[in-house]
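Please consult the sequence and the coordinates while reading each answer.

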Amino acid sequence: MRRTDEERIRDVRRVLDAGRAVYTERARLRGEVARVTGLSPEGVDLGFESLERDATEAELRTLVARAGDAPRVHVVLSANVFVAPLRALAVARAAAPRVTVRPSSRDPVVARALVAELAAVGDASFALESERDVATIAEGEIHVYGRAETIAAARAAARVVVRAHGPGLGVAVVTGALEDAADAVAGDVVPFDQRGCLSPRVVLVAGEPSRARAFAAALHERLGAWGGRVPRGELTGEERAEATRWIEAARFAGECHVGEDHAVAVAPMEGHLGVPPPGRHVVVAAASTPSDAVRRIEPFAPFVVALGTDDVRRVTPLAPARARLSALGRMQRPPLDGPVDLRC
Amino acid sequence: MNARIESDRLHARVRAMVRAYERAQPMPEPFDALAVDLARFQAKRVPGYARLCAARGVVPAAISRARDAPAVPTDAFKMARVFAFDAPDAFATFRTSGTTVGARGSHAIRDLSTYDAGALAFGRAMLARDLGAAAVVLVLGPSDAEAPDSSLAHMCALFARALGEADTPERTFFVRGGALDVDGLRTRIRQLRPGVPAIVLATSFALVHLIDALGGEALALPDRSRVMQTGGFKGKAREVDAAELRGLVAHTFGVPERAVVGEYGMTELSSQLWEAMLVDEGARSGVYVEPPWVRVVPVDEETLTPVAPGRIGIARVEDLANVDSAFAVLASDRVRRVDRGVELLGRATGAAPRGCSIAIDEMLSRVE
């Protein structure tokens, strides 16, 4: 029998209950999450603050409306930030009475913990599975979270509908006071060491180039302070290599402030922005007019999942289609009103 | 000293090296002597290079050997101007093929004669030293008129003029409007005179397209013909293993596998590396040699310092023919020095990224 919206909301609230239980248990999970994610223990603590534990009725209604309807959802989790499974499970549960979950083989901790908590409160609608060929799935939908090749492989093999949530990046637009904005943007950059698709890697500063330079200096200072409180975790060799190349190119192209745990570059007025790799790396560019701002982000607009700003009203018309809009400092905490990635 | 005069003198010194190579004479000066002067010139005339030196704590006047000079990452060619002259003085500007999230790397060149001299001298030596005057050049690529910003099209056109019999573009270049003219190539090859060898210049993806289109049909070339293949696939054709492709190319054109010679070039460089299959019996595929005015140094991808002998590193290419841009370029290819040259091991693929933050490579592959 088809569930009503109220029943779906009730079921999603159970997922939030499980989230609260996992959050309570975070000290126990901290070490394992740090080991599998490479985040510092302090970074894990910070990341847990982004684990959804509550939502308004209106947000859940929106989530249910966006989730669709299926007899069963198979959730395939791969590359993602460690708290992301909660939202994936919430969306799946809103869509279907039965959910199977294949956690990321590299980072299964929170997904397993959530399903265990759900079982503990009597919700038997979730089942974990470790390996399953998506081609054998004959009913329902598959929700895939991962990289383009993961999604392409699932789509190629699947016989049922595939809803895909790919990777992306965040962009911040600063129009007002630089010091406040630097505080807020630093708070958006640090969580998950920028490995999430909501993390800003590009900041556009409205005004003259001198404002962009001043903002970059302020952000550099704030990220340095954050590094003292929440050290960056271990980057892989490939991530370190990519960072080295980007920093060298950024030094050539303009200013680049390099800290122990971060780097902030100032892009030249003309030329390619040089989107930095994750790992607390940010490029700051001046945008003299709204159309200039659009021009600067247009090349990578399809990949923008989140746009944060200190002036939502003015910046909304500039936002790439389906990017989540939020205030600076809130980019990592979108309401639980659907998938993080609204592009699909 | 006036920048142009200074540049002209540096160009002349590089061309003197090229001439010495062509005449099998000793190099007129040590590699490092010219490299040091280039580094100082570029630090003085290219603002970005001055910034890079300063950021790395390198004082240009104190540079005493090539390896002391910072290398410019290829990404910088997308982000800023990398040339030591006024923009209107650019004689040619070559651009990278990828759109790279909205930007193509560009390499502006004021004096192409040094590029041409070096490319031709080493290309002839590696590909056509034994052929004499009579050869036919067939290019599985666009003409330089159709692709004026492609350094590969420029080099192929240069080779067509210098290594082959004079002919029309229609009988020389077989990619038109982005499409490979298989029928035209087939007809042209059937017209070739026995005893006049052909030199086929092609990208790997053009060769794959040709082989797929021919469906097993062979287009046998005259004796002593040879094929230059260059570049990767960049999503423009199905990926084919290098050894398999070499075999397929040899079969298709009826040439020995050792007559299929790899060339490695980059838009950001002025010189090329070649497999020495035709000139060195001991050479093996996948190992490339540099001309005397180029040095490939594998460097640690994090510290950018040279790796121990025999270890894999990222290619730092010191190309003295890059007079007016960046004589030291940091490529993204992994390389290893071996007995007879340098092994090209392709781009570092990297581990699967942790998290859903999009990787640069993924953005590029989806935009290109």
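**Helix packing, domains and loop residues**

Q: How are α8(B) and α9(B) oriented to each other?
A: In this predicted model, the axes of helix α8 (residues 204–214) of chain B and helix α9 (residues 242–253) of chain B cross at roughly 55°. Angles under 35 degrees count as roughly parallel and 65 to 115 as roughly perpendicular, with the rest, apart from those over 145, oblique. The relation of α8(B) and α9(B) is therefore oblique.

Q: What is the handedness of the crossing of α8(B) and α9(B)?
A: The axes of the two helices come within 11 Å. The crossing of α8(B) and α9(B) is left-handed.

Q: How many nonpolar, polar and charged residues make up the contact of α8(B) with α9(B)?
A: From α8(B), the residues Ser204(B), Leu207(B), Val208(B), Ile211(B) and Leu214(B) take part, and they meet Leu245(B), Leu248(B), Val249(B) and Thr252(B) of α9(B). By class, this contact has 7 nonpolar, 2 polar and no charged residues.

Q: How are α10(A) and α3(B) oriented to each other?
A: Helix α10 (residues 237–253) of chain A packs against helix α3 (residues 47–55) of chain B with the axes 7 Å apart and at an angle of about 125°. Roughly perpendicular covers 65 to 115 degrees, and roughly antiparallel requires an angle over 145. The two helices, α10(A) and α3(B), are therefore oblique.

Q: How many charged residues does the contact of α10(A) with α3(B) have?
A: On the side of α10(A), Glu248(A), Arg251(A), Phe252(A) and Ala253(A) meet Gly48(B), Tyr49(B), Arg51(B), Leu52(B) and Ala55(B) in α3(B). The contact of α10(A) with α3(B) has 5 nonpolar residues and 1 polar residue, and its charged residues number 3.

Q: Which helix gives the largest share of the side of domain 1 of chain A that touches domain 2 of chain A?
A: Chain A is assigned domain 1 (5–165) and domain 2 (169–327), and the centres of these domains, taken over C-alpha atoms, are separated by 29 Å. In the contact, 10 residues of domain 1 of chain A face 12 residues of domain 2 of chain A. The largest share of the domain 1 side, 4 residues, comes from helix α3 (residues 41–48) of chain A.

Q: Is Gln194(A) buried or exposed?
A: Gln194(A) is in the loop between α8 (178–189) and β7 (200–206) of chain A. Its phi is near 70°, a positive value in a residue other than glycine. A residue with 20 or more other C-beta atoms within 10 Å counts as buried. Because Gln194(A) has 26, it is buried.

Q: Is Ala24(B) buried or exposed?
A: The loop between α1 (3–22) and α2 (31–45) of chain B holds Ala24(B), and the phi of Ala24(B) is near 55°, a positive value in a residue other than glycine. The count for an exposed residue is 12 or fewer. Since Ala24(B) has 7 other C-beta atoms within 10 Å, it is exposed.

Q: How far apart in space are Glu234(A) and Arg35(A), C-alpha to C-alpha?
A: Glu234(A) lies in the loop between α9 (209–229) and α10 of chain A. With 14 C-beta neighbours inside 10 Å, Glu234(A) is partly exposed. Glu234(A) and Arg35(A) are 199 residues apart in sequence, and their separation in space is 9.8 Å.

Key. Residues numbered from 1 in each chain as written. Chains lettered and ligands numbered in written order. Predicted model: local features only at pLDDT ≥ 70, side-chain atom pairs only at ≥ 80, totals over all residues. Axes fitted to C-alpha atoms, helices over the stretch in contact; angles between N-to-C directions. Contact = placed C-beta atoms within 7 Å. Nonpolar A, V, L, I, M, F, W, Y, C, P; charged D, E, K, R; others polar. Domains from an automatic or database assignment. Left-handed = near helix turned anticlockwise from the far one by under 90°.
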